[in-house]
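Subject: Structure handover

Hello,

The structure is below, with the sequence. My notes on it follow.

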Amino acid sequence: MILKEEELRMIYGGAITGTFINAIIKGVNSFLDLGRSIGTAIRRIGAGSICPL
């Protein structure tokens, strides 16, 4: 099947794929994990319950 130039110009796409959604979800989860780690560190420092190195 050979498309004419007018038909080629009418093609559009860019559907959201499962891979794209998984990448976004992993990014959000990483961001939440980072927030939890920082929050835990701040809480432990505030409570004075950190182990000396």
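The side chains of Arg36 and Asp33 form a salt bridge, with N and O 2.7 Å apart. By salt bridge I mean a side-chain nitrogen of Lys or Arg within 4 Å of a carboxyl oxygen of Asp or Glu. Both residues belong to helix H2 (residues 18-47), where they sit three residues apart, about one turn of the helix. Arg36 counts as exposed at 53% relative accessibility, while Asp33 is partly exposed at 43%. The classes are buried under 20% relative accessible area, exposed over 50% and partly exposed in between, with a 1.4 Å probe and protein chains only.

Before the rest, two notes on the source. This is a predicted model, in which local features need pLDDT of at least 70 and side-chain atom pairs count only at pLDDT 80 or more, whereas totals for chains, interfaces and linings use all residues. Residues are numbered from 1 along each chain as its sequence is written, and side-chain values use heavy atoms, with hydrogens and water left out.

The structure has two salt bridges. Besides the pair in H2, Arg9 bridges to Glu5, with the closest N and O atoms 2.4 Å apart. These two are about one helical turn from each other because they are four residues apart in helix H1 (residues 5-9). Arg9 is exposed, at 64% relative accessibility, and Glu5 is partly exposed, at 49%.

On secondary structure, the protein has two helices and zero strands. Both types are DSSP runs numbered from the N terminus: helices are H or I with at least four residues, strands are E with at least two. H2 contains 30 residues and spans 43 Å from first to last C-alpha, close to the expected 44 Å; the expected span is 1.5 Å times one less than the number of residues. After H2 comes Gly48, with a positive phi near 75°.

Ala23 lies in H2 and is partly exposed, at 48% relative accessibility. From Ala23 to Cys51 the C-alpha distance is 36 Å, for a sequence separation of 28 residues.

Along the principal axes, the C-alpha atoms fill a box of roughly 70 × 15 × 15 Å. Buried residues account for 0% of the 53.

The accessible surface is about 5300 Å², and carbon and sulfur atoms hold 67% of that area (Shrake-Rupley method, 1.4 Å probe).

Regards
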